[in-house]
Amino acid sequence: MTANERAPSPSARVRLEAEVLTTQLTADQELPVSRAADADMSVLRTVLVVASDADLRRYVRECLRDVQRVRVIEAASVTEALDVATHDSPHVLIADWSAASVVSALSEVRAVLIADDLAEISDARQAANELGDMEPDLAGRFTSALYFPDEAHMPAPAALEFMLAEVQRAGVEIVLGGTPPAEANDTLIDCRGLAARDALPNLRGVRGERLLIRSHEVELQRPVQLLHPRVPLYVVPWGDGLFMIGATLIETEDAGPVSVRSALELLGGAYAVHPAFAEAEIIDLGVGVRPAFPDNVPRALVREDGRHIFVNGAYRHGFLLAPVLARAVADYLESGRVSELLVR
Ligand SMILES: Cc1cc2nc3c(=O)[nH]c(=O)nc-3n(C[C@H](O)[C@H](O)[C@H](O)COP(=O)(O)OP(=O)(O)OC[C@H]3O[C@@H](n4cnc5c(N)ncnc54)[C@H](O)[C@@H]3O)c2cc1C
């Protein structure tokens with residue numbers, strides 16, 4: 001996974017998946033029915049995909065293939081879409097730039113506009129021929145690739161160890177367990193993840209599974225993301241032959257062991273990146289449940305006149321955005337400045 005000062009620049013398609021997920025989630029939250037009942041319910045959401053490019057429409061359909069209670073209808077033009085909308089009221093519109101006007105024409109419908117950052121993507125594409133120079137082990141394996149030079153990565157356990165050591169070096173006493181002392185003038189910074197749902201009811205958990213494998217036959221200099229519509233997984237070199245493969249993104253708070261299906265997807269993804277991973281050792285399988293707000297954007301929320309600050313909703317961006325959240329809280333405590341991620 002990448003870690004950098006600024007958010008990574010995912011491809012438009014990855015952004016689309018994030019949006020679709022949010023949409024699905026919103027629908028789920030509006031309809032708090034039990035899973036058993038879900039299975040019996042007929043289609044509840046209609047997604048209208050409007051794009052002149054048939055491949056793009058197919059891609060969106062593929063993205064939504066496993067999403068339950070969704071019916072996908074396609075339209076190749078705005079005129080066709082408006083016609084469809086008169087008898088099949090869509091709940092969500094997914095349109096590409098060529099059909100952008102459908103968004104204003106059906107302004108009451110929630111919309112996702114696929115906006116390729118053309119300049120950025122074409123810059124990245126120029127590097128495709130150089131894939132073999134940059135990652136010799138991937139030479140000749142892929143016909144195209146995208147390269148984003150500003151991205152960085154780090155092994156998460158080493159980062160956590162480093163941060164713990166730095167906090168202690170700064171003189172902070174760490175007490176595990178127990179409850180914080182309730183002194184009137186204290187500020188409590190609450191980073192309890194999902195456990196804070198007692199105070200933040202719109203938090204939800206998103207399950208993630210990852211594998212750790214060791215191979216001395218493959219060398220990668222940087223994280224490689226497989227661009228696949230449903231399995232957009234990363235292979236992240238952690239050094240010393242270790243590679244983190246992950247992570248799945250599943251809308252459930254079940255923190256049970258890694259499923260066979262997910263393990264197959266993750267291992268299959270690694271194998272697709274390089275067949276020599278077939279000989280790798282499986283070192284560890286891990287599961288976690290990420291805390292997320294409905295829009296998947298992390299926040300610091302100020303309550304009780306600043307005496308209680310919740311820092312939560314880190315979702316997939318924990319390591320990436322933690323420094324930004326920490327800065328937002330520190331600025332607020334030091335000067336009262338309210339940054340974008342801090343909500344009063
Ligand atoms: C498989 C997987 C892979 C991931 N990979 C990456 C990655 O590569 N890069 C990245 O940036 N992010 C990644 N993430 C996301 C990242 O792990 C989360 O964003 C991050 O863990 C959220 O951090 P948090 O501290 O806000 O919440 P949490 O990690 O949920 O931590 C909350 C902590 O609070 C503790 N707690 C709860 N109640 C109390 C209490 N009363 N008193 C004291 N402590 C309490 C809990 O025990 C827990 O340790 C991944 C997530 C998963 C599941």
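1. Terms and model. Two strands pair if DSSP finds at least two bridges between them. Helices (H or I, at least four residues) and strands (E, at least two) are DSSP runs, numbered from the N terminus. This is a predicted model: local features need pLDDT of at least 70, side-chain atom pairs count only at pLDDT 80 or more, and totals for chains, interfaces and linings use all residues. Residues are numbered from 1 along each chain as its sequence is written.

2. The β11–β12 hairpin. Strands β11 (residues 299–303) and β12 (residues 308–312) are antiparallel, with five bridges. L301 sits opposite F310 in β12. Four residues separate the two strands of this hairpin. In the turn, E304 has a positive phi of about 50 degrees.

3. A300 stands opposite L342 of β13. The open sheet has four strands in the order β5-β12-β11-β13, with mixed pairing. Axes are lines fitted to C-alpha atoms, for helices over the stretch in contact; angles run from 0 to 180 degrees between N-to-C directions.

4. The parallel sheet. Another open sheet has four strands in the order β2-β1-β3-β4, with parallel pairing. Which strands stand at its edges? They are β2 (70–75) and β4 (110–114); each has a single partner strand, so one side of each is left without a neighbour in the sheet. Neighbouring strands here are turned by 20 degrees against each other on average, direction ignored. Four bridges link β1 (residues 45–50) to β3 (residues 92–96). L48 has L93 as its bridge partner in β3.

5. α4 (residues 78–87) lies across β1 and β2, at about 165 degrees to β1. Contact means that the C-beta atoms of two residues, placed from the backbone, lie within 7 Å.

6. Cores. A nonpolar core is a set of buried Ala, Val, Leu, Ile, Met, Phe, Trp, Tyr and Cys residues joined through C-beta atoms within 7 Å. The largest one has 23 residues; L48, V49, V50, L93, I94 and A95 have the most contacts inside it. Elements giving two or more residues to this core are β1, α3, β2, α4, β3 and β4. Leaving out residues up to four places away in sequence, I94 touches V47, V49, V60, V112 and I114. A second, separate core has 15 residues, including I213, M244, I245 and F277.

7. G239. Is this strand residue buried or exposed? G239 belongs to β8 (residues 234–239). G239 counts as exposed because it has 9 C-beta neighbours inside 10 Å. The cut-offs are 20 or more other C-beta atoms within 10 Å for buried and 12 or fewer for exposed, with partly exposed in between; C-beta atoms are placed from the backbone. G239 and M154 are 85 residues apart in sequence, yet 9.5 Å apart in space, C-alpha to C-alpha.

8. Whole chain. The chain holds 10 helices and 13 strands. Of its 344 residues, 23% count as buried. Among contacts with a separation of 6 or more, 67% join residues 24 or more positions apart.
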